[in-house]
Amino acid sequence: MNPKAKIKIVAVALILFFSFLTFKAVKSSLVYYLTVSEVQERESFSKLKRLRVSGVVERGSIKRNEDGSISFIIRDKESTIYVQYKGVIPDVFRDEVQAVVEGTIEDKVFLANKLFAKCPTKYEDDKLGNNRLSFVQ
Amino acid sequence: MFAFLSRISFTLLVILMTISIYMIFNYAPKEKIMGDVQRIFYFHMGSVLVFTLAFIANLVYSIKFLLDNNNEHSRIAYINAEVGVLFTLLTIVTGMFWAKPVWGAWWTWDPQLTTTFILFLLYFSYLVFHKLSTRAGVPKYAAVFAVISFIDLPIVYISVRVMRGISPVVFGGEGGGISPAMMNTLLVTLGAFLFLYIVLINLRSKVDKK
């Protein structure tokens with residue numbers, strides 16, 4: 001086979017590969033998460049269907065259970081969902097923070113096995129602290 | 001003239017990078033919620049600036065090459081892509097170190113992260129494809145591939161604004177923004193990375209000519 005034909009094959013293969021990748025990416029991350037009301041509006045979900053839901057953590061709703069799991073409520077303007085989660089808790093996870101949970105719904109309870117906290121979009125000074133790195137002081 | 005410019009940009013790089021690193025660790029305030037880890041932000045944005053400039057230059061020189069068939073343009077397009085790929089990788093790595101403590105995960109398939117990963121794959125493939133097609137005597141194929149790859153760059157920027165994701169919209173979004181001291185630090189850091197880009201391209205260009 002001459003080198004030109006080889007290059008053509010490589011070019012076509014690359015284009016096919018990236019088209020496929022882009023298609024998959026757009027399909028799966030076009031809706032990265034559902035809102036709380038979108039989940040509550042739908043009647044039922046299969047127990048096997050994995051969902052990603054985002055909402056604000058209700059003030060005072062975070063409870064630590066004896067088995068090391070935590071439970072909390074996330075809300076948006078209209079509805080709320082009760083969430084149970086066991087695993088690593090992000091540093092910025094607290095009341096009123098935007099959280100994203102991944103898992104399944106069973107009997108109106110969201111069983112999460114992944115928990116993300118969205119970082120704030122406004123970066124503010126820590127007025128109490130020194131500007132220096134804490135370990136430099 | 002060119003030698004003078006490259007010497008001056010090296011001096012400016014050394015001065016600005018020193019000031020920038022000092023500002024990041026001593027002048028910039030600690031972020032209220034995220035704490036010290038937020039200081040990665042400055043390096044993260046600096047890397048974003050470098051790959052953006054490099055891929056724009058890659059596009060410009062690829063188009064020039066397609067128009068005038070001058071091999072020098074093809075070569076400049078290639079070295080820009082090399083620098084761009086390195087800094088896309090640095091953006092992803094600094095982003096991961098930041099995401100682990102703040103979001104709680106090294107990685108998630110959020111629209112902006114996914115499109116940035118595709119950007120890395122596209123230009124990494126371009127590097128290989130450029131060598132292959134040049135060797136086979138059809139370097140224009142690589143230039144066309146570069147022009148198509150560029151489509152992903154604006155998508156990286158837009159995705160976070162039009163699609164639901166986890167990456168924050170700090171600039172130009174609702175309720176976003178950074179404090180004045182953080183803005184000063186960011187501007188100096190971006191200046192330092194601008195000269196880092198110029199110096200890297202100059203140095204890389206010299207390697208080829210030997």
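Keep in mind as you look around that the model is predicted.

Let us start with the rings. A pair of aromatic rings is described by how far apart the centres are and by the angle between the planes. Counted over all chains, there are 17 aromatic pairs. Take B:Phe41 and B:Tyr42 as an example: their ring centres lie 5.3 Å apart and their planes meet at 70 degrees, so this pair is edge-to-face, since planes over 60 degrees apart count that way. Are these two residues buried or exposed? B:Phe41 has 2% relative accessibility and counts as buried, and B:Tyr42, at 0%, counts as buried too. The cut-off for buried is under 20%.

Rings can also gather in groups. One aromatic cluster brings together A:Phe17 and A:Phe18 from chain A with B:Phe129 and B:Phe145 from chain B.

A search of the whole structure turns up 1 cavity of 30 Å³ or more, and the largest cavity holds about 30 Å³ of space. Which residues line the largest cavity? Among them are B:Tyr61, B:Phe65, B:Tyr126, B:His130 and B:Pro139. In chain B, helices H2 (40-68), H3 (71-102), H4 (111-135) and H5 (140-149) each give two or more residues to this lining. H2(B) provides the largest share, with 3 residues.

Terms used. Residues numbered from 1 in each chain as written. Chains lettered and ligands numbered in written order. Predicted model: local features only at pLDDT ≥ 70, side-chain atom pairs only at ≥ 80, totals over all residues. Heavy atoms only, no water. Phe/Tyr/Trp six-rings, centres within 6.5 Å; stacked < 30°, edge-to-face > 60°. Buried < 20%, exposed > 50% of the residue type's maximum accessible area, 1.4 Å probe, protein only. 1 Å grid on protein atoms, 1.4 Å probe; cavity = no way out; pocket = protein on both sides within 12 Å on 5 of 7 lines; lining within 4 Å. Points joined across faces, edges and corners; volume = space filled by probe spheres on them. Helix = DSSP H or I, 4+ residues; strand = E, 2+ residues; numbered from the N terminus.
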